[in-house]
Amino acid sequence: MRKIAIATGTRADWGLLSGIAKALQAREDCQVTVLATNMHLQERYGMTVNEIKVDGMTDVRCVPMPETGDTPVGTVDAMAACMSGMAHALDEVKPDVAVILGDRFEMLATASAALMLKVPIVHIAGGEISEGAIDDSIRHAITKMSALHLTSTEVYRRRVIAMGEEPDRVINTGSIGVYNLMNERLMSRDELEESIGFALPAGSLLVTYHPATLDTADTAENCRNLLDALDRFPESHVLITYPNNDAQGRVIIDAIEGYARRNPDRVKVIPSLGKIRYLSALRCVGAVVGNSSSGIIEVPSTGIPTVNIGIRQKGRLCSESVIHCGDSADDIARAISFALSDEGKKLAESSPNPYARPDTLRLSVEAIAETPLERLRRKRFYDAPMSE
């Protein structure tokens, strides 16, 4: 029986991990424990640990950590508490492997705890680049702590190998988020509108805007620019979800909540849609706007455009349906206008998604459940052949 701990800190990473977790739990040779922390345990963000339980996970353990206080120092304090809590949780569960997705600060704390307790780490979504966020460095750090790597594209697989990881430990599985989108039973427009209490007519926009943690520009000003641009599309209904709890996240929350109060007929803010409602919303809106990785990775498979704002996701492999723009209101408005145009729609409908593979779930589950443990307990640096 392989004991697997799956760490999750946000609605977003659980939305990606849930299918893998459920498939592993269904296997007779696996025992799964979900370690939930950070935003999952905060009322402000919807207490989304409850969604993990609704998904049918039978062993869910909470690892509390304080709120970040919206500052870098507060974030470090929260990381320290998370590292300690995860160490105690891992020591109690004693898993054979720990599964960690991505690049969040709470996942760096989790990976550090697992490393010290000699728990091999399976890292999902390594090798990616997002130059405008501190997450970029965190992602690469977790890669070097990890024993097995499940990447979202072949480009990312080669990049992880170039970082000194042995090729047979690095598997291109494709993106689990894209797999979920293409295989989950989603809600109809009527079901979704009833669930959120908000209409999504043609030309609606789904907005998620996070702090760009390495941007020197003012977060509040950039958010105001986004809202000013949205004002130029008075016929478009706007569904907005909360940002992550990075430093300056509360600045964005205050701004979008105020915007919704001023525009109650066309703007709705929901802290967390959850996986099914979020993926269903992608089938109902005309475009996605913001700077979330989902706009680049999952959204192209729906055939709608993404307006990607600013530098937060700079460096990611993108479909042609992703429209990049600057932070000014004019830049954002021009990009939205193109996204909603017939030309923008046709481009999105015809652009392939580089993150899509039909067998992502199978590849991921088999790698986590069946890779021999003796191969994961020790690793060596792989010197990739140097080009002349």
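This is a predicted model: local features need pLDDT of at least 70, side-chain atom pairs count only at pLDDT 80 or more; totals for chains, interfaces and linings use all residues.

Me: Why are α9 and α13 called oblique to each other?

Reply: The axes of helix α9 (residues 219-231) and helix α13 (residues 329-340) cross at roughly 45° and come within 8 Å. Angles under 35 degrees count as roughly parallel and those from 65 to 115 as roughly perpendicular, and α9 and α13 are therefore oblique to each other. As for handedness, α9 passes α13 in a right-handed crossing. On the α9 side the contact is made by Asn225, Leu226, Asp228, Ala229 and Leu230, and on the α13 side by Ala329, Ile332, Ala333 and Ile336. Sorted by class, these residues are 7 nonpolar, 1 polar and 1 charged.

Me: What makes α9 and α10 roughly parallel to each other?

Reply: Helix α10 (residues 249-262) packs with α9 at an angle of about 25°, the axes being 9 Å apart. The cut-off for roughly parallel is an angle under 35 degrees, and α9 and α10 are therefore roughly parallel to each other. Their crossing is right-handed. From α9 the contact draws on Thr219, Ala220, Cys223, Leu227, Leu230 and Asp231, while α10 contributes Val251, Ile252, Ala255, Ile256 and Tyr259. By class, this contact has 9 nonpolar, 1 polar and 1 charged residues.

Me: Why are β10 and β13 said to stand at the edges?

Reply: The open sheet in question is formed by 6 strands in the order β10-β9-β8-β11-β12-β13, and the pairing is parallel. β10 (267-270) and β13 (322-325) each have a single partner strand, so one side of each is left without a neighbour in the sheet. Neighbouring strands here are turned by 20° against each other on average, with direction ignored. Helix α11 (residues 274-282) packs on this sheet, where α11 touches β8 (205-208), β9 (238-241), β10 and β11 (287-290), and the direction of α11 makes about 135° with that of β8.

Me: What makes both faces of β12 count as covered?

Reply: Thr306 and Asn308 lie on one side and Val307 and Ile309 on the other, and all of these are buried. In a regular strand the side chains alternate between the two faces of the sheet.

Me: Which strands stand at the edges of the sheet of 7 strands?

Reply: That open sheet has the order β3-β2-β1-β4-β5-β6-β7, with parallel pairing. β3 (60-63) and β7 (170-172) each have a single partner strand, so one side of each is left without a neighbour in the sheet. The twist from one strand to the next averages 20°. Within this sheet, 7 bridges join strand β1 (residues 2-8) to strand β2 (residues 30-37), the two running parallel, and Ala36 in β2 is the bridge partner of Thr8.

Me: Why is Leu115 called partly exposed, and Cys284 buried?

Reply: Buried means under 20% relative accessible area and exposed means over 50%, with partly exposed in between. Leu115, in helix α4, has 43% relative accessibility and so counts as partly exposed. Leaving aside neighbours within four places in sequence, Leu115 is in contact with Ile121 and Met145. Cys284, in the loop between α11 and β11, has a relative accessible area of 6% and is therefore buried. Not counting residues up to four places away in sequence, Cys284 touches Arg189, Leu192, Leu200 and Pro201.

Conventions
Residues are numbered from 1 along each chain as its sequence is written. Side-chain values use heavy atoms; hydrogens and water are left out. Axes are lines fitted to C-alpha atoms, for helices over the stretch in contact, and angles run from 0 to 180 degrees between N-to-C directions. Helices (H or I, at least four residues) and strands (E, at least two) are DSSP runs, numbered from the N terminus. Angles under 35 degrees count as roughly parallel, over 145 as roughly antiparallel, 65 to 115 as roughly perpendicular and the rest as oblique. A crossing is left-handed if the near helix is turned anticlockwise from the far one by less than a right angle, and right-handed if clockwise. Contact means heavy atoms within 4.5 Å. Ala, Val, Leu, Ile, Met, Phe, Trp, Tyr, Cys and Pro count as nonpolar, Asp, Glu, Lys and Arg as charged, and the others, Gly among them, as polar. Two strands pair if DSSP finds at least two bridges between them. Buried means under 20% relative accessible area, exposed over 50%, partly exposed in between (1.4 Å probe, protein chains only).
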